[in-house]
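Subject: Structure for you to look at

Hello,

Here is the structure I said I would pass on. My notes on what turned up in it follow below.

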Amino acid sequence: MSLVFGQVEPAVFQAYAFWAAVLGLKMLLMSVLTGLQRGSKKVFSNPEDVKPGGKISYDDPDVERVRRAHRNDMENILPYFIIGFLYMFTNPSVTVAVNLYRLVATVRITHTVFHVLVPVHKFRGMSWAIGFFSTAFMALRIVLHFL
């Protein structure tokens with residue numbers, strides 16, 4: 001069992017790289033969304049950031065909703081980056097790998113939509129679970145492959 005990059009199917013690497021970049025951009029946008037929400041609500045977490053008419057607040061419900069979605073991304077997407085990368089070295093089916101990467105990215109995006117823009121717990125929970133169990137499946141395949 002050799003971990004040589006040349007042994008990774010190019011289509012699998014391409015899919016991983018594309019969808020990992022999409023999720024990386026999504027996480028970067030969450031920081032911007034938090035800042036926009038703070039600005040629109042005129043609530044800030046640092047005294048030096050307070051604008052005229054604004055205040056320091058650590059518990060604005062709208063800002064905290066965006067921050068919780070961002071935290072959920074960090075809890076789920078960061079492990080996916082590592083697990084999805086290592087999964088390439090298990091010689092997975094191209095179809096399965098490409099669709100797993102696509103699925104995880106899609107449900108992470110829908111999770112944010114249903115957490116921040118259209119708060120619907122049922123769909124947010126399904127989006128989270130699909131992404132979580134897809135990532136767990138890849139992790140299990142890695143462990144079994146390298147036993």
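N91 lies in the loop between helices α2 and α3. This is a predicted model, and in it N91 has a positive phi of about 55° although it is not a glycine. Most residues other than glycine have a negative phi. With a relative accessible area of 66%, N91 is exposed.

K42 also has a positive phi, near 60°, and is likewise a residue other than glycine. K42 sits in the loop between α1 and β1, the strand at 43-44. Its relative accessible area of 44% makes K42 partly exposed, because that class runs between 20% and 50%.

Next, the aromatic residues. The structure holds 11 aromatic pairs. One of them is Y87 with Y101: the ring centres are 6.4 Å apart and the planes stand at 90°, so the pair is edge-to-face. The angle decides this, because planes over 60 degrees apart count as edge-to-face. Y87 belongs to helix α2 (residues 61-87) and Y101 to helix α3 (residues 94-117), so the pair ties together parts that are 14 residues apart in sequence.

F132 and F133 form another edge-to-face aromatic pair, with 5.1 Å from centre to centre and 90° between the planes. Here F132 is partly exposed, at a relative accessible area of 36%, while F133 counts as exposed at 53%.

Y87 and Y101 are also members of one aromatic cluster, together with Y16, Y80, F81, F85 and F89.

How do the axes of α1 and α3 cross? Helix α1 covers residues 10-41, and its axis comes within 8 Å of the axis of α3, with a crossing angle of roughly 10°. That makes α1 roughly parallel to α3. On the α1 side, the residues that meet α3 include Y16, W19, K26 and L33. On the α3 side, those that meet α1 include V94, Y101, R102, R108 and V116. The residues of this contact divide into 16 nonpolar, one polar and three charged.

L100 is another residue of helix α3, and it counts as buried at 11% relative accessibility. Which residues does L100 contact, leaving aside its neighbours within four places in sequence? They are Y87, S134, F137 and M138. The C-alpha atoms of L100 and F81 are separated by 13 Å, and the two residues are 19 apart along the chain.

Last, the annotation. An unreviewed UniProt entry gives "transmembrane region" for residues 16-36, 77-105 and 125-144. In the model, residues 16-36 are 100% helix and 0% strand, and the end C-alpha atoms of that span lie 30 Å apart. Residues 77-105 are 79% helix and 0% strand, and there the end C-alpha atoms are 9 Å apart.

Regards

Methods: Residues are numbered from 1 along each chain as its sequence is written. This is a predicted model: local features need pLDDT of at least 70, side-chain atom pairs count only at pLDDT 80 or more; totals for chains, interfaces and linings use all residues. Side-chain values use heavy atoms; hydrogens and water are left out. Rings of Phe, Tyr and Trp (its six-membered ring) pair if their centres lie within 6.5 Å; planes under 30 degrees apart count as stacked, over 60 as edge-to-face and the rest as tilted. Helices (H or I, at least four residues) and strands (E, at least two) are DSSP runs, numbered from the N terminus. Buried means under 20% relative accessible area, exposed over 50%, partly exposed in between (1.4 Å probe, protein chains only). UniProt positions are given in the numbering used here, feature names are shortened, and annotations may be inferred rather than shown by experiment. Axes are lines fitted to C-alpha atoms, for helices over the stretch in contact, and angles run from 0 to 180 degrees between N-to-C directions. Angles under 35 degrees count as roughly parallel, over 145 as roughly antiparallel, 65 to 115 as roughly perpendicular and the rest as oblique. Contact means heavy atoms within 4.5 Å. Ala, Val, Leu, Ile, Met, Phe, Trp, Tyr, Cys and Pro count as nonpolar, Asp, Glu, Lys and Arg as charged, and the others, Gly among them, as polar.
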